[in-house]
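Visitor: Can we go through this one together? I'd like to start with the strand pairing.

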Amino acid sequence: MKIVIVDDHPLVRKGLAAVISMQPNVQFAGEAKNQREAMLVLEETQPDLVLLDLKLADESGLDIITAARRIGFSGKFILLTSSASREDFLKAEEAGVDGYVLKEALPEELLYAIQLVSKGRKYYDPTILENKLREDAGSLTDELTPKEREVLIELGQGACNREIAAKLFISEFTVKKHVSQILAKLRLADRTQAALYANAIGLAKYEPITTI
């Protein structure tokens, strides 16, 4: 796999080149410090993947992606940035980046991101992913009725249908209907996923009962 590095700091480029060279199946194909150099390197080397800084002095790395796609470049892009802002991430996602890695990441995390992206998958820094999950979850849970939200909370706490029915003063049949609606609206496969989902977004906190 051929990789090109685009960053306006020479030390960063050298450091990244050293990191990716640790992988036996990776070839460091070239580097650039701005858009003009980047376009020349991409056309000359046709890399499989580009490690690209989001902010290049007075330029934006996203402009390089746009320009590259315009000339038919089909390689993948991983953005390297110190920005964890929602605005920057949304712009990057809209530009079609395959990965978004914070510069504070460990070398192992970057190599893992490269492996995932090379297999056709996306990689988002865990910090970004957590924020994205909460934002996406907020828009999805807004579709739930107040009663469905209550049922989801109970699922997240590990309650069975009978327990949910007793606590919410509804029938077990009604609980089953609410669970079906919850799974459909949140695009989940089963109640176990619903329980995990409720805990992941902070809607519920499962505390297993311990016996002495």
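Visitor: In strand 7, what is the bridge partner of I78?
Guide: G99 is the strand 7 bridge partner of I78. Strands here are DSSP runs of E with at least two residues, helices are runs of H or I with at least four, and both are numbered from the N terminus.

Visitor: What kind of model is this?
Guide: This is a predicted model, where local features need pLDDT of at least 70, side-chain atom pairs count only at pLDDT 80 or more, and totals for chains, interfaces and linings use all residues. Residues are numbered from 1 along each chain as its sequence is written, and side-chain values use heavy atoms, with hydrogens and water left out.

Visitor: Back to strands 6 and 7. How many bridges do they share, and in which sense?
Guide: Four bridges, in the parallel sense, with strand 7 covering residues 99-102. Pairing requires at least two DSSP bridges between two strands. Strand 6, helix 4 (residues 86-95) and strand 7 also make a right-handed β-α-β unit. Right-handed means that, with the strands pointing away from the viewer, the path from the first strand over the helix to the second runs clockwise.

Visitor: What's on strand 6's other pairing, with strand 3?
Guide: Five bridges join strand 3 (residues 49-53) to strand 6 (residues 76-81), and the two run parallel. L49 has K76 as its bridge partner. V50 stands opposite F77.

Visitor: And strand 1 with strand 3?
Guide: Parallel too, over four bridges. I5 has L51 as its bridge partner in strand 3.

Visitor: What is the order of the whole sheet?
Guide: It is an open sheet of six strands, ordered 2-1-3-6-7-8, with parallel pairing. Strand 2 (27-32) and strand 8 (123-124) are the edges, each pairing on one side only.

Visitor: Is strand 3 buried or exposed?
Guide: Mostly covered: five of its five residues are buried. Buried means under 20% relative accessible area, exposed over 50%, partly exposed in between, with a 1.4 Å probe and protein chains only. L49, L51 and D53 point one way, V50 and L52 the other. In a regular strand, side chains alternate between the two faces of the sheet.

Visitor: Why is strand 6 called largely enclosed?
Guide: Because five of its six residues are buried.

Visitor: New topic. Which strands does helix 3 lie across?
Guide: Strand 1, strand 3 and strand 6, running at about 170 degrees to strand 6. Axes are lines fitted to C-alpha atoms, for helices over the stretch in contact, and angles run from 0 to 180 degrees between N-to-C directions.

Visitor: How do helix 2 and helix 3 meet?
Guide: The axes of helix 2 (residues 35-45) and helix 3 (residues 61-70) come within 10 Å and cross at roughly 35 degrees. Q35, A38, M39 and L42 of helix 2 touch D63, I64, A67 and A68 of helix 3. Contact means heavy atoms within 4.5 Å.

Visitor: Last one: where is H178, and what does it touch?
Guide: H178 is in helix 9 (residues 172-186). Its contacts are K147, E148, V151 and I170, leaving out residues up to four places away in sequence. H178 and K147 are 31 residues apart in sequence, and 7.9 Å apart C-alpha to C-alpha. H178 counts as buried because its relative accessibility is 16%.
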